[in-house]
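Let's take a friendly walk through this model, from its helix packing to its ligand site and a few backbone details. Keep the 3D view open as you read.

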Amino acid sequence: MSQDQKYLHDLQADPMGTAEAAAAIIRERSGVNHQVALVMGSGWIDAVSAFTAGGAGEELSEIPLISLPGFPPPKVEGHGASVKSIRIGDKNALVFLGRTHIYEGLGIAAVVHGVRTAIKAGAKIIILTNACGGINSEYTVGQPVLIKDHISLTGISPLTGANFVDLTDLYSARLRKLVKSIDPSLAEGVYAHWRGPAYETPAEIRMMRTIGADLVGMSTVPEAIAAHALGAEVLGISLVTNAAAGISGAKLDHHEVLAAGKASAARMGPLLRDVIGTF
Ligand code: HPA
């Protein structure tokens with residue numbers, strides 16, 4: 001059995017038990033309980049330095065994901081490979097520097113393993129960040145947008161069985177209100193989840209706009225559903241890193257997506273830090 005096969009076998013055999021095992025290691029190594037967890041999307045990693053800048057917070061531990069049960073080796077450039085435990089104000093935050101996507105082909109349990117682990121490690125609030133294409137023509141590159149709802153175009157759920165979870169308040173209205181009390185200029189939008197890894201065609205973007213999507217990306221939705229199903233409150237923040245296909249006429253390029261994320265980290269880091277302070 002290859003390393004990938006063994007990892008998939010163990011995780012799929014017992015996803016919740018694997019998450020509990022990973023959480024136990026995190027609790028032991030960091031020595032604390034965590035109230036909140038963040039998943040840092042493409043280009044968001046630079047925002048993490050703001051959590052500790054100027055004595056605002058303290059890094060308690062950093063654990064390579066590969067040393068935790070159920071986490072695969074990272075594959076996408078721009079995504080780190082560890083989870084940090086950071087004291088921010090009076091909260092302990094678990095900060096995932098990277099995530100697994102459906103397009104990696106490791107199965108849906110792998111995609112949501114981080115948030116399940118975070119919740120087993122105590123997190124009651126999950127902040128999901130991502131890079132996305134802007135469909136709404138009012139959005140500009142570098143703009144953060146709060147996710148108010150989503151459209152799953154993959155149709156893939158992390159839940160199995162007769163688990164008829166209500167999703168009407170999936171992206172917590174309470175948390176969105178708190179964030180907007182810090183930055184009232186933030187827009188809210190509907191995020192369409194696209195499997196990828198190819199970007200959308202212009203015709204697909206026109207379809208998404210017609211059915212009510214403002215943003216499009218390849219992550220977040222399965223994690224939001226898995227977190228909500230376990231009773232955590234979810235905040236989703238997208239960073240518009242490019243106009244979606246066909247909107248500006250420019251071709252889409254992953255390196256430009258990462259560069260736009262880096263350029264906006266200066267605004268995102270303090271925003272997230274202040275948001276955590278209000279919880
Ligand atoms: N489409 C899908 N995912 C993305 C995009 C996009 O335009 N930009 C960043 N992630």
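Is the crossing of α5 and α8 right-handed or left-handed? The crossing of these two helices is right-handed. Please keep in mind that this is a predicted model.

**How the helices pack**

Two packed helices are described by the angle between their axes and the distance between the axes.

| Helix pair | Angle between axes | Axis distance |
|---|---|---|
| α5 and α8 (residues 221-229) | about 30° | 8 Å |
| α2 (residues 15-30) and α5 (residues 113-120) | about 60° | 8 Å |
| α6 (residues 173-182) and α9 (residues 254-278) | about 120° | 10 Å |

Let's begin with α5 and α8. Their axes make an angle of about 30°, and angles under 35 degrees count as roughly parallel, so α5 and α8 are roughly parallel to each other. On the α5 side you will find V115, R116 and I119, which meet E223, A226 and A227 of α8. Sorted by class, this contact has four nonpolar residues, two charged ones and no polar ones.

Helix α5 also packs against α2, at an angle of about 60°. That angle makes α2 oblique to α5. The crossing of α2 with α5 is right-handed. Helix α2 brings P15, M16, T18, A19, E20, A22, A23, I26 and R27 to the contact, where they meet H113, R116, T117 and K120 of α5. These residues divide into six nonpolar, three polar and four charged. If you select R116 in your viewer, you can follow this residue into both contacts of α5: R116 is listed in the contact with α2 and also in the contact with α8.

The remaining pair in the table is α6 with α9, packed at about 120° with axes 10 Å apart. Helices α6 and α9 are therefore oblique to each other, and their crossing is right-handed. From α6 the contact uses L178, V179 and I182, while α9 supplies L271, D274, V275 and T278. By class, there are five nonpolar residues, one polar and one charged in this contact.

**Around the ligand**

Which residues surround the ligand? They are A131, C132, G133, Y199, E200, V216, G217, M218, T241, N242, L252 and V257. Several of them place polar atoms by ligand nitrogen atoms. For N242, a polar side-chain atom lies 2.7 Å from a nitrogen atom of the ligand. E200 likewise has a polar side-chain atom 2.9 Å from a ligand nitrogen atom. With A131 the backbone is involved: one of its backbone N or O atoms lies 3.4 Å from a nitrogen atom of the ligand.

**Two backbone details**

Most residues other than glycine have a negative phi, and most peptide bonds are trans. Where does this model depart from that pattern? One place is the peptide bond joining G196 and P197, which is cis, with omega about 5°. P197 sits in the loop between β7 (187-193) and α7 (202-210). Another is T220, which has a positive phi of about 75° although it is not a glycine. To find T220, look in the loop between β8 (215-217) and α8.

Technical notes:
Residues numbered from 1 in each chain as written. Predicted model: local features only at pLDDT ≥ 70, side-chain atom pairs only at ≥ 80, totals over all residues. Heavy atoms only, no water. Axes fitted to C-alpha atoms, helices over the stretch in contact; angles between N-to-C directions. Helix = DSSP H or I, 4+ residues; strand = E, 2+ residues; numbered from the N terminus. Parallel < 35°, antiparallel > 145°, perpendicular 65-115°, else oblique. Left-handed = near helix turned anticlockwise from the far one by under 90°. Contact = heavy atoms within 4.5 Å. Nonpolar A, V, L, I, M, F, W, Y, C, P; charged D, E, K, R; others polar. Near = heavy atom within 4 Å. Polar contact = N/O pair within 3.5 Å; in protein donor to acceptor, adjacent residues only side chain to side chain.
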